[in-house]
Amino acid sequence: MALASDPPKAGFRLSMLIYDTRFRSITIQIVVLLLFLAGLVWLLNNAYVNLEAKGKDFNFSFLWTRAGYDLAQTLIPYSNDDTHLRALVIGLLNTLLVSFLGCILATVLGTIIGVLRLSQNWLVARIMTVYVETFRNIPLLLWILLMGTILAETRPVPKDFRLTEAMKAAGEEPKASMWFFDSVAVTNRGTNLPAPAFDHSLGVVDIGWNLPVSLNALAILAVMSASFWGWRRFIARAKAVQEATGTRPTTWWPSLLILFAPISALLYGLGFHLDYPQITRFDFTGGFQMLHSFTALLIALTLYTAAFIAEIVRAGIQAISKGQTEAAYALGLRPGRTMSLVILPQALRVIVPPLISQFLNLTKNSSLAIAVSYMDLRGTLGGITLNQTGRELECMMLMMGIYLTISLTISSLMNLYNKSIKLKER
Amino acid sequence: MSETSFVRTEMLAPKPAPVSQVGAIKWMRENLFSGPLNTALTILGVLATVWLVQAAAPWLLHGVWNANSLSECRAIIAAAHGPEATGACWAVIRVRWNQFLFGFYPVDQYWRLFVTFAGLFLALAPVLFDALPRKLLWGALLYPLVAFWLLWGGPIWGPVAVLAGFVILGLLFTALAPKLGVPVSAGVGLVAAALFWLYAAAPIEAALQSALPFALSEVDSDQFGGFLLALVIGVSAIVLSLPLGILLALGRQSDMLIVKSLSVGVIEFVRGVPLITLLFTASLLLQYFLPPGTSFDLILRVVILVTLFAAAYIAEVIRGGLAALPRGQYEAADALGLDYWQAQRLIIMPQALKISIPGIVSSFIGLFKDTTLVAFVGLFDPLKGISNVVRSDMAWKGTYWEPYIFVAVIFFLFNFSMSRYSMYLERKLKRDHR
C-alpha cells in the first residue's frame with residue numbers, strides 16, 4: 001500500500017510532462033513558445049515573399065527624401081522641399097499640441113462638471129447628467145464631424161466682415177462683426193486672433209536643424225522666472241523676520257513690484273504690442289489664424305473626454321466617506337485645510353489612475369483628426385507620406401512605434417506616481 | 001391655592017406650516033435657491049436651457065417629412081413659415097432610411113436582415129436573463145453560424161461543415177476526456193477539427209451542394225453598410241472579445257513566465273496604439289503577412305482587429321476584477337482540491353466577472369461607438385460613409401444636421417440601454433448587504 005508520504009518514484013515517464021504539475025507548466029510554456037515562434041516565422045516569411053513578389057525592400061531611407069507636399073499648420077518651419085522626416089516631426093508636434101491642450105481643457109471642464117453633477121442644485125445636477133450621458137453614448141467621430149460642420153457651415157465668409165466705401169456711404173453695417181472689441185474674428189475658414197508683436201525684436205537664433213528659437217520669448221521667460229525666484233526669497237525673508245521679531249513687514253506692494261515691474265519694463269523695452277487681424281479684400285491679414293480643423297478637433301476631444309473625466313471626478317469624491325470630513329472637523333481643521341489635507345489626497349488616489357488613462361485615450365483619439373483633415377502624425381506619416389512613397393509596412397510600423405512610445409511613456413509615469421501615493425499597508 | 005383661570009383648557013387647532021416650508025416653494029428653496037452660488041447656478045442653467053430651446057425649437061418644429069430634395073424642403077418651409085425661417089429636412093431620412101439602416105443590401109433580401117435581427121434577440125434572451133430555460137443557450141451557440149449564412153448567403157452547406165467540425169471536436173473531447181484528461185483530449189479534438197476544416201470540409205461541402213442544392217443568393221461585403229454594418233462588427237466583436245479578453249487576463253495573471261510576458265506584450269501593444277492604426281493594418285498591412293494570393297473579406301479582417309482591440313481593454317478590466325478578489329478565495333479553491341480550470345470556472349471567474357461588469361459594459365459601449373471608424377478603411381458606416389453617399393446625391397447636397405442627429409439618436413439608444421442593463425445586472429448580482 002502506498003502512503004501519501006511515500007517519496008515519488010525515481011524514473012521519468014513521458015506522460016509526466018502532462019500529468020505531473022511539476023513539469024506541466026514547463027511543457028505548456030515550451031509548446032506556447034514554439035507555437036509563437038512558428039507563427040512569427042510564418043508571418044515574417046510571408047512578408048518576405050510578398051515584398052519580393054512586389055519588388056519592394058524594407059528600409060527607412062525614404063524618410064530623408066524630399067516630401068514635396070505642403071502642410072497648413074506647422075509649429076516649426078517647414079516647406080515642401082523638406083524631408084519626409086521633418087513632415088513626420090510636424091505631424092507628431094501637431095498630435096502632441098492638440099493632445100496637450102485637450103488634456104488640460106478636458107480636465108478643467110470635466111472637474112467642473114463632475115463637481116456640479118454632485119451639486120445640491122436640482123436643475124444644474126440634471127443638466128450635467130444630460131451632458132455626461134449625451135457625450136458618453138454618442139461616438140466621438142460624430143462630435144468631431146459636427147464641430148467641423150458647425151464651424152465651416154454656420155460662420156460667415158471673410159468678405160462679410162468688410163465695410164466698403166459704398167456701404168459706409170449708405171450707412172450700412174457689415175453683415176458680420178468681430179468679437180471682443182474687434183480683436184477676434186471667426187470666419188468659415190478659421191479663427192483670427194491678435195498675435196503678440198515686438199517693435200524692437202531681439203530676433204531669433206537657429207539651434208540647428210532649422211529650429212528657430214525666439215530670443216524675445218527666452219528673455220521674457222528668463223525675466224519671469226528670475227522675478228518669481230526673487231519673490232520666493234522675499235517672502236521667505238519676511239517670514240524669517242516675522243519669526244524673529246513678531247511683526248511681519250509689509251509684503252503686498254514689494255511683492256507686486258518684484259513680480260510685475262521687471263517684466264513690464266522688459267515688454268516696454270521690446271516695444272510689445274498686439275497685432276490685430278485686419279480685414280482686406282478677401283481674407284484677414286495680420287494677427288494669427290487658428291485653423292478650423294484644429295479648433296474643431298480640440299473642441300470635440302475636450303467636450304467628449306470631459307464627460308468621462310466628470311464621471312471619474314464624481315466617483316473619486318463619492319469614494320471618500322463622510323466620516324473623513326467629520327473627523328477633520330472634529331480635529332479642528334478649517335474647511336479649506338480639510339479639503340487640502342484630508343479629502344483631496346485621498347480622492348486623488350482614486351481619481352488620478354483613470355484620469356491618466358483618459359489622457360492616453362485622448363491622445364490616441366486625436367488620430368481621428370483625419371475626419372477634419374487636421375495634419376497630425378497619422379495625416380503626415382500615415383497619410384500623405386504613406387501614399388506618396390507606397391511604403392505601407394515601414395510607415396505603419398513607425399507610426400505604431402511612435403504612438404506606442406507616447407503611451408508607454410505616459411503610463412510608466414503614471415505607474416511611478418501610483419507607487420508614490422499608494423496606501424502603505426502592513 | 002387659588003384658581004388658575006388663565007390656563008387654557010382646550011388645545012389650539014394646529015396651524016398650517018409657513019408657506020416657505022411646504023410644497024413647491026420649500027422644494028425650490030432647498031434645491032434651487034439655497035444660497036447665492038446656487039441661485040446664480042440656477043439662473044445660468046435656466047438661461048442656457050432657454051437659449052438652447054430657442055435656438056433649436058423652431059428648426060425642429062418646422063421640420064418637413066414629405067419632400068424629394070433639400071430645395072423642395074426649403075421651399076415648403078419658406079411657404080409655411082416665411083422666407084427667413086429655417087427648418088429640419090427629415091425627408092432625407094424618410095427617403096434614404098434604408099441606406100442608413102442597411103447600406104446597399106439588396107432590397108428584395110431585406111427579409112433576411114429582419115430574420116437575423118429577430119434571431120439576435122431570441123439568441124440574446126437566454127444569455128441576458130437567467131429566468132429563461134437553460135436549453136435555449138444551445139440556440140444562442142448555433143446563432144452565429146445561422147446569422148452568417150443569412151447575412152452573406154451562399155450554400156447552406158458551408159456553415160454546416162463548420163458546425164460539423166465543432167461537433168467532431170465536442171464528440172472527441174467528451175469521449176477522450178475521462179481517459180486522457182482535459183488538456184490532451186482538447187488538443188486531440190482541436191487537431192482533428194482543424195484537419196477536418198482544412199481538408200475534408202470543402203469536398204464534403206461541394207458534394208452536398210451538388211446533391212442537395214440549397215442556397216441563398218450571395219451578398220458581397222461591400223453591399224453592407226449603415227447600422228447593419230455597425231451591428232455586424234459590433235456584435236461579433238463583443239461576442240468574440242469577451243472570451244479572448246478573459247484568456248489574456250488569465251495569461252497576464254499566470255505564473256508561467258512565457259505565457260505571462262506574451263500576454264503582457266499583446267495587451268500593452270494593442271492598448272498603446274490608436275484603433276485607427278489597427279484598422280489601417282487590417283486594410284493595408286494584412287496582405288503582407290498572409291501567404292501570397294490569399295485575400296479575405298475586409299469586414300472579417302476588421303472584425304478580427306476590432307476584437308483584438310476590445311479584448312486587450314477587457315483583459316485589463318478583468319485583471320482589475322481578479323486583483324480585487326481576496327487571496328483567500330484562491331487558497332480556498334486550492335484547499336478544496338480543485339484544479340486550475342475548475343477553480344477559475346467555479347470560484348474565481350464568477351466573482352471577478354461580477355466585479356468587472358461596469359468596466360466590461362463600458363468597453364462594449366466604446367467598441368460599439370468605435371465601429372464608426374471603419375469609415376476610414378472604405379466601409380460604409382452609418383455616420384460618415386452613408387452620410388457622404390447621401391450627400392453626394394445632388395438632391396440632398398448640404399443636408400448635414402439631419403443625418404447626424406438621426407445617427408446620434410440611434411447610437412444613444414443602443415449605448416444608453418447597454419449601460420442601463422449593466423446597472424440592472426450589477427444590482428441583481430449584488431450579494432453583500434451594504
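Trainee: What do the side chains of Arg391(A) and Asp57(A) meet in?

Mentor: In general, side chains of opposite charge can pair when their charged atoms come close. Here, Arg391(A) and Asp57(A) meet in a salt bridge, at 3.2 Å from N to O (the rule wants a side-chain nitrogen of Lys or Arg within 4 Å of a carboxyl oxygen of Asp or Glu). Arg391(A) sits in the loop between H12 and H13 of chain A and Asp57(A) in the loop between H2 and helix H3 (84-117) of chain A, so the pair ties together parts that are 334 residues apart in sequence. Over all chains, this rule counts 14 salt bridges.

Before we go on: this is a predicted model, where local features need pLDDT of at least 70 and side-chain atom pairs count only at pLDDT 80 or more, while totals for chains, interfaces and linings use all residues. Residues are numbered from 1 along each chain as its sequence is written, chains are lettered from A and ligands numbered from 1 in the order in which they are written, and side-chain values use heavy atoms, with hydrogens and water left out.

Trainee: OK, on to the two chains. How many residues of chain A are in contact with chain B?

Mentor: Contact means heavy atoms within 4.5 Å. By that test, 58 residues of chain A touch 55 residues of chain B. Buried area is the accessible area (1.4 Å probe) that two parts lose on being put together, summed over both. For chain A and chain B it comes to about 5,100 Å², with carbon and sulfur atoms giving 73%. Gln29(A), Asn137(A) and Met400(A) supply 12% of what chain A buries there, more than any other three residues.

Trainee: Which side chains form a salt bridge across that interface?

Mentor: The rule finds 1 between the chains: Glu133(A) with Arg420(B), at 3.6 Å from N to O.

Trainee: Which helix gives the largest share of the chain A side?

Mentor: Several helices contribute at least two residues each, including helix H4 (122-137) and helix H13 (392-421) of chain A (helices are DSSP runs of H or I, at least four residues, numbered from the N terminus). The largest share, 14 residues, comes from H2(A).

Trainee: And inside chain B, what does the domain assignment give?

Mentor: Domain bounds come from an automatic or database assignment. For chain B that gives domain 1 (33-93) and domain 2 (97-105 + 221-434), with C-alpha centres 36 Å apart. Between them, 12 residues of domain 1 contact 13 of domain 2. The area buried between these two domains of chain B is about 1,000 Å², and carbon and sulfur atoms give 77% of that. Leu70(B), Val92(B) and Ile93(B) supply 59% of the area that domain 1 buries against domain 2, more than any other three residues. The salt-bridge count between these domains is 0.
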